[in-house]
Amino acid sequence: MSFLKTIDTNPSFAPHESGPLPERLVSGDPAFLTWPQDIARGEMIHTGVWEATPGETRSIKGETFEFCHILAGVAELTPEGGEPVVYKAGDSFVMKPGFVGVWKTIETVRKIYVIVK
């Protein structure tokens, strides 16, 4: 078992294809691709690459913590009761447990994620 994991930002294996839950769709018809690359501490920590096409969805983190690093594209996140924040390639951010808001993909986004459940 290696304690060092390189995240492949352009994976050659097939992604998991999905979309938003119907009750979370705000507008558009976004499609999601996920390339899971590591799971640690049982099922507690997930790392990989995620991509979304344009559209808007409600993001509800619950007890989940998520670190994101945008590799490509543009997204606008609007926390409930807050002002929109735009993230683009090179930007990093964290959605802490309890985050609720709208994720708007303006240009297809690809990101590295680290999720702690």
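Colleague: Quick one on tyrosine 87: buried or exposed?

Modeller: Tyrosine 87 counts as buried, at 18% relative accessibility. The cut-offs are under 20% relative accessible area for buried, over 50% for exposed, and partly exposed in between, using a 1.4 Å probe and protein chains only. Bear in mind this is a predicted model: local features need pLDDT of at least 70 and side-chain atom pairs count only at pLDDT 80 or more, while totals for chains, interfaces and linings use all residues. Residues are numbered from 1 along each chain as its sequence is written, and side-chain values use heavy atoms, with hydrogens and water left out.

Colleague: OK. Where does tyrosine 87 sit, and what is it in contact with, skipping neighbours within four places in sequence?

Modeller: Tyrosine 87 is in strand 7. Strands are DSSP runs of E, at least two residues, and helices are runs of H or I, at least four residues, all numbered from the N terminus. Beyond those sequence neighbours, tyrosine 87 is in contact with Ile70, Gly73, Val74, Ala75, Leu77, Ser92 and Phe93, where contact means heavy atoms within 4.5 Å. For glycine 73, which is 14 residues away along the chain, the C-alpha separation from tyrosine 87 is 8.4 Å.

Colleague: Zooming out, how many helices and strands are there in the protein chain?

Modeller: The protein chain has 0 helices and 9 strands. Its radius of gyration is 14 Å, close to the 13 Å from the globule rule for 117 residues, so the chain is as compact as a globular protein of that length. That radius is taken over C-alpha atoms, and the rule is 2.2 Å times the number of residues to the power 0.38. The C-alpha trace spans about 45 × 30 × 30 Å along its principal axes. Buried residues make up 32% of the 117.

Colleague: And what share of the contacts with a separation of 6 or more joins residues 24 or more positions apart?

Modeller: That share is 66% in the protein chain.

Colleague: Which domain does UniProt annotate?

Modeller: The unreviewed UniProt entry puts "(S)-ureidoglycine aminohydrolase cupin" on residues 41–113. UniProt positions are given in the numbering used here, feature names are shortened, and annotations may be inferred rather than shown by experiment. In the model, that span is 70% strand and 0% helix, and its end C-alpha atoms lie 16 Å apart.

Colleague: Back to rings. How many aromatic pairs are there?

Modeller: There are 4 aromatic pairs. For a pair, ring centres of Phe, Tyr or Trp (its six-membered ring) lie within 6.5 Å; planes under 30 degrees apart are stacked, over 60 edge-to-face, and the rest tilted. Tryptophan 50 and tryptophan 103 have ring centres 5.5 Å apart and planes at 90 degrees, so that pair is edge-to-face. Tryptophan 50 is in strand 4 (residues 45–52) and tryptophan 103 in strand 9, so the pair ties together parts 53 residues apart in sequence. Both of these tryptophans are buried.

Colleague: What about phenylalanine 93 and tryptophan 103?

Modeller: That pair is tilted, with 6.1 Å between centres and 45 degrees between planes. Phenylalanine 93 is in strand 8 (residues 92–95), 10 residues from tryptophan 103. Phenylalanine 93 is buried too, at 7% relative accessible area.

Colleague: Which residues form the aromatic cluster?

Modeller: Phe32, Trp50, Tyr87, Phe93 and Trp103 form one cluster. Lysine 111 also lies over the face of tryptophan 50, 4.6 Å from the ring centre. The rule there is NZ of Lys or CZ of Arg within 6 Å of the ring centre and within 35 degrees of the ring normal.

Colleague: Which side chain meets lysine 111 in a salt bridge?

Modeller: Glutamate 66 does, at 2.7 Å, N to O. Glutamate 66 is in strand 6 and lysine 111 in strand 9 (residues 100–116), 45 residues apart. Glutamate 66 is buried at 5%, and lysine 111 is buried at 4%.

Colleague: How many salt bridges does the count come to?

Modeller: The count is 5, taking a side-chain nitrogen of Lys or Arg within 4 Å of a carboxyl oxygen of Asp or Glu. Another one joins glutamate 80 and arginine 58, with the closest N and O atoms 3.5 Å apart. Glutamate 80 is in the loop between strand 6 (65–79) and strand 7 (85–88), and arginine 58 is in strand 5 (residues 55–60), 22 residues away.

Colleague: Glutamate 80, buried or exposed?

Modeller: Glutamate 80 is exposed, at 57% relative accessibility, whereas arginine 58 is partly exposed at 29%.
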